[in-house]
Amino acid sequence: MKDEFFKLMEQHVSVRNFKEEPLEKDIKDQLLMAAYSGSSSNFLQATSIIEVTDPKIRNQLATIARAPHAQKSGAFFVFVADMYRLAKVLEQKGNAVKPITSMESLMVSIVDTTISAENMALAAEAIGLGICYIGGIRNDLTKVSTLLDLPKYTVPLFGLTIGIPKSKNDPKPRMPLKNHVFNNRYNTNLSRNLAGYDETMRDYYAHRNSNSITSDWTTKTSDFLTNSQRPDIAPFLRHQGFEI
Ligand SMILES: Cc1cc2nc3c(=O)[nH]c(=O)nc-3n(C[C@H](O)[C@H](O)[C@H](O)COP(=O)(O)O)c2cc1C
């Protein structure tokens, strides 16, 4: 049981090719229960999940995310960092809302929401389903918020597609522990010495079962990070009421 659990985690891979079969309600209910059973900072439960079943909305989200597979999986959930409910609690108790507009509140809600999503993802993988996060919805947060009727103090962080895999990629080798797990103090030498990992990834990219390329992790990552991503996130967060 223990071995199987760790094996399951090691074999994680994002699935982008799903059978077009909706998930049954009891399965979705179990996945939602898994999502809501995670830890929560100060038990604020600062997260909401929107299951998108309307094909029109789903298509629009998939288009925004440039992720066609988001249209086809058995279910599609959007995970929302949510301080709105807590703002209403404060108001109802006659208190000022201002404290929940802080960066700390935003972080709390992002962490809570991410924990619940990964709980759901792991639960789905444990019952043989495939998952893929869809951060691409942040390509146009304003449009996503309009589509989903999101109130102030909320941020749609990512979608999660879940379904029956039609095909799977090979699992991607992770960075060796020595590069990112340290003893007592951060070790800058180990952190930045990625030559060994580059070799592993060069081999993986060249031989993987789809989309083989000639590159390594630091080259690919550096190319990606050269352009700063999604500059309209900060203005959006301000618009949602957070003090950034
Ligand atoms: C928050 C988050 C957002 C992501 N967004 C997307 C996305 O929009 N589209 C996509 O195809 N994959 C997306 N992914 C999947 C990553 O590309 C994937 O996890 C990473 O390449 C590692 O591959 P693996 O999950 O197969 O191990 C996302 C992953 C995370 C954690």
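**Exercise 1. Determine which domains the assignment gives and how far apart their C-alpha centres lie.**

Solution. The assignment, whose bounds come from an automatic or database domain assignment, gives domain 1 as 2–169 + 228–239 and domain 2 as 177–222. The C-alpha centres of domain 1 and domain 2 are 28 Å apart.

This is a predicted model, in which local features need pLDDT of at least 70 and side-chain atom pairs count only at pLDDT 80 or more, while totals for chains, interfaces and linings use all residues. Residues are numbered from 1 along each chain as its sequence is written, and side-chain values use heavy atoms, with hydrogens and water left out.

**Exercise 2. Work out the strand order of the open sheet and find which strands stand at its edges.**

Solution. Helices (H or I, at least four residues) and strands (E, at least two) are DSSP runs, numbered from the N terminus. Two strands pair if DSSP finds at least two bridges between them.

Step 1. The open sheet has 4 strands in the order E1-E2-E4-E3, and the pairing is antiparallel.

Step 2. Strand E1 (47–51) and strand E3 (130–134) are at the edges; each has a single partner strand, so one side of each is left without a neighbour in the sheet.

Step 3. On average, neighbouring strands of this sheet are turned by 25° against each other, direction ignored.

Step 4. E1 and strand E2 (residues 75–82) run antiparallel and are joined by 5 bridges. In E2, Ala81 is the bridge partner of Thr47.

**Exercise 3. Describe how H2 crosses H5.**

Solution. Two packed helices are described by the angle between their axes and the distance between the axes.

Step 1. The axes of helix H2 (residues 25–36) and helix H5 (residues 103–126) come within 7 Å, crossing at roughly 140°. H2 is therefore oblique to H5. Angles under 35 degrees count as roughly parallel, over 145 as roughly antiparallel, 65 to 115 as roughly perpendicular and the rest as oblique.

Step 2. From H2, Leu31, Leu32, Ala34 and Ala35 meet Ser116, Asn119, Met120, Ala123 and Ala124 in H5. These contact residues comprise 7 nonpolar, 2 polar and no charged. Ala, Val, Leu, Ile, Met, Phe, Trp, Tyr, Cys and Pro count as nonpolar, Asp, Glu, Lys and Arg as charged, and the others, Gly among them, as polar.

**Exercise 4. Describe how H9 crosses H10.**

Solution. Step 1. The axes of helix H9 (residues 195–207) and helix H10 (residues 217–226) come within 7 Å and cross at roughly 85°. H9 and H10 are therefore roughly perpendicular to each other.

Step 1. Tyr197, Asp198, Met201 and Tyr205 of H9 make the contact with Trp217, Thr218 and Lys220 of H10. By class, this contact has 4 nonpolar, 1 polar and 2 charged residues.

Conventions: Axes fitted to C-alpha atoms, helices over the stretch in contact; angles between N-to-C directions. Contact = heavy atoms within 4.5 Å.
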